[in-house]
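Thanks for coming. I have a few local features to go through, so please look at the structure first.

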Amino acid sequence: MRKLRTKEGIGLHPVMTLLILCLGIILISGILNLFNVQSTFNQISLKTGEYQVTTEAVTSLLSLSGLKYIFTNTVSNFANFAVLPHLIIILLGIGIMEKSGFLKTLVTLLTKKAKKTTVTFALVLICILASIMGDLSYIIFIPLSALLFQYGKRNPMIGIIAAFAGLTLGSGISFLLTSIDSSLISTTLLNAHILQANYTISPFAFIFIMLIITIIMAIFITHITENIIAKKVPKYEFENNEELEEDLVITKKKRRGLTFAILAGAIYLLIFIYNIIPGLPFSGNLLDYSQTLYIDKLFSFDSFFSNGFVFIVTVFFVILGLAYGIGAKTINNNKEFIEALGSSLNGIGKILLMIFAAATFISIVKQTNIGNMIAGTFANLIGNTTFTGLPLILLLFLASVVTTIFLPSSISKWAILATTAVPTLMNAGISPEFAQVVFRLGESVTMGLTPLLAYFIVYLAYLEKYNQNNKSFKLSTAIKYQYPYALTSLFVFVIIIVVWYLIGLPLGISSGIAL
C-alpha cells in the first residue's frame with residue numbers, strides 16, 4: 001500500500017490541473033496585454049453586409065477589473081454552464097434504464113453473439129451521425145457507451161474513448177445537415193455575396209464527400225480503438241463474474257419487460273415524430289415556423305423542439321425504463337421508481353466539482369479573448385498570402401486545426417475566418433462550399449484535444465468514474481488517448497482534400513470544388 005501511495009499517487013487531479021491552467025491563463029493574459037498583442041482584420045457586418053475593421057485584443061485578467069470579473073462571475077458561469085443541467089436531467093433517464101435492468105437486457109440481447117469490432121463500429125458510426133443532435137449527443141452517448149461496454153464484459157473506458165472520438169470527429173463530418181452547418185452556410189453566403197450577389201448553396205451541397213468520409217473515419221476509429229486504445233487503457237476488473245453469467249440469460253420476465261418498453265417507446269416516438277413533421281393535421285407543433293429551412297425550424301433557438309430536446313429525450317428514457325421495470329417486475333412501487341430515477345446521481349459530487357473547474361477555466365479563457373485574437377491572426381494570414389490553389393486550401397485547413405484548440409465554437413471561429421477565407425478562395429477559383437468543407441474537416445481534427453470544448457469535461461469525468469487505479473485519471477492522459485484519432489484524421493483528411501481537389505469530384509448535389 002505504501003508503494004501505491006508514493007508511486008501511483010503521483011500526479012495532479014484534473015480539478016487541480018484545470019485550476020493551475022486558470023492561473024496560467026491569467027498570467028499569460030497579463031503579459032500579452034502588456035505587449036499590446038492584438039489582431040486587426042476586416043469582417044462582414046451582419047447588419048449592413050459590408051466590411052468593417054475589427055480589432056481583437058487580449059484582455060488582461062491580471063488586473064483589478066480582471067479579478068473583479070473572476071470573483072463576480074464565477075458562480076453565475078457555473079450555474080449557466082449548459083453541461084451541468086443537461087447532464088443532471090439526462091442522468092435521471094439513464095438511471096432508471098440502468099436500475100430497472102432495461103439497458104443490461106437490451107445490450108445483452110444485441111451483443112451476445114456480435115463480434116467486438118462490430119459493436120465498436122456500430123457505436124462509432126452512431127456517434128458520428130449523432131452530430132445532428134448537437135451538443136446533447138455528448139451527454140447521452142458518453143454515459144451509454146460506458147454501460148454498453150461494461151454490460152458487454154469489456155472495459156467501459158474503451159467505449160468512452162471511442163464514443164468521444166466519434167462525437168468530436170462527427171461534429172464536422174456528418175453528411176446530414178445540422179443546425180451548425182446551417183449557421184455556417186449563412187456566414188459563407190454572406191461573404192460569398194461580396195463577390196457574387198446571387199450565389200446560393202444547396203442543403204445537400206456536402207452530402208457526397210461527407211458520406212464517404214463518415215464511412216472511412218468510422219472504420220479507422222474502430223481499428224484504432226481495437227488495436228491501440230484497448231491495449232493502452234488500465235485493466236478493468238468486474239466485481240461478480242457469476243452475476244455476469246446470469247445476465248447473459250434472457251428470461252421470460254426480461255422478454256416481457258422488453259416488449260413493454262418497446263411498445264411504450266414506440267407510442268411515444270410516434271407522437272414525437274408527428275409533432276416535428278410539418279403540413280399534416282395538428283402536426284409540427286415543436287417547430288419554429290419563422291425559419292425557412294427545415295433544419296432551422298427544428299433546431300432554431302426559438303423552436304419548442306430545440307428548447308425542450310433534453311427533456312424530450314429524458315422522458316423517452318424514463319418511459320423505456322419504467323415500462324421495462326413494470327413488465328420485468330423490477331419496479332414494483334413508486335418508491336422503487338423514484339430510487340431508480342436518482343440512482344445515476346449517486347456519487348456525482350466529483351463530477352460536479354470537475355464541471356465547476358471546467359466552467360471556470362472556459363469562462364476565463366473566453367474573457368481573455370485569446371481565441372478570437374488567434375483566429376483573427378490566421379484570418380489576416382489567409383487574406384495576405386500569395387498562395388493559390390492547393391497551398392491556399394491547406395493553409396485554411398491548418399488555420400482551422402490550430403484555431404480550434406483555442407476557440408472550439410464553430411460559428412464564432414468561422415465568423416472570423418470566413419471573411420477572408422471565402423473571398424480569397426473564390427478569387428482563386430475555389431468554391432465557398434469547398435472552403436467550408438475544408439474548415440469543418442480541420443476543426444474535427446483537434447476538437448477532441450482541447451479542454452476548452454465544454455463537453456470535454458463529461459469525457460474526462462466518466463474516464464475518472466470508471467478508473468479503478470488508486471491514482472486520479474489525469475487530464476493529460478485523457479488527451480493522449482485522443483492523439484491516435486487526431487493524427488489519423490489529420491493524415492486522412494489531407495489526402496482526401498488533395499485527391500478531391502486534383503480530380504475535381506463533386507462535393508454534393510449542385511456543388512463542386514471550382515466556381
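I'll start with helix 6: what covers its buried residues includes helix 5 (102–111), helix 7 (136–151), helix 8 (156–173) and helix 10 (207–232). Helices here are DSSP runs of H or I, at least four residues, numbered from the N terminus. Buried means under 20% relative accessible area, exposed over 50%, and partly exposed in between, with a 1.4 Å probe and protein chains only.

Two notes on the source. This is a predicted model, where local features need pLDDT of at least 70, side-chain atom pairs count only at pLDDT 80 or more, and totals for chains, interfaces and linings use all residues. Residues are numbered from 1 along each chain as its sequence is written, and side-chain values use heavy atoms, with hydrogens and water left out.

Which residues of helix 6 are buried? They are Val119, Thr120, Leu123, Val124, Cys127 and Ile128. Down the helix 6 axis, the buried residues fall within an arc of 165°, taken from the directions from the axis to the C-beta atoms, so they line one face. An α-helix has 3.6 residues a turn, so residues three or four places apart point the same way.

Next, Thr404, in helix 18 (residues 389–406). Thr404 is buried, with a relative accessible area of 0%. Beyond its neighbours within four places in sequence, Thr404 is in contact (heavy atoms within 4.5 Å) with Lys413, Glu443, Thr446, Met447 and Thr450.

Last, Tyr274, which lies in helix 12 (residues 252–274). Tyr274 is partly exposed, at a relative accessible area of 32%.

Methods: Helix = DSSP H or I, 4+ residues; strand = E, 2+ residues; numbered from the N terminus.
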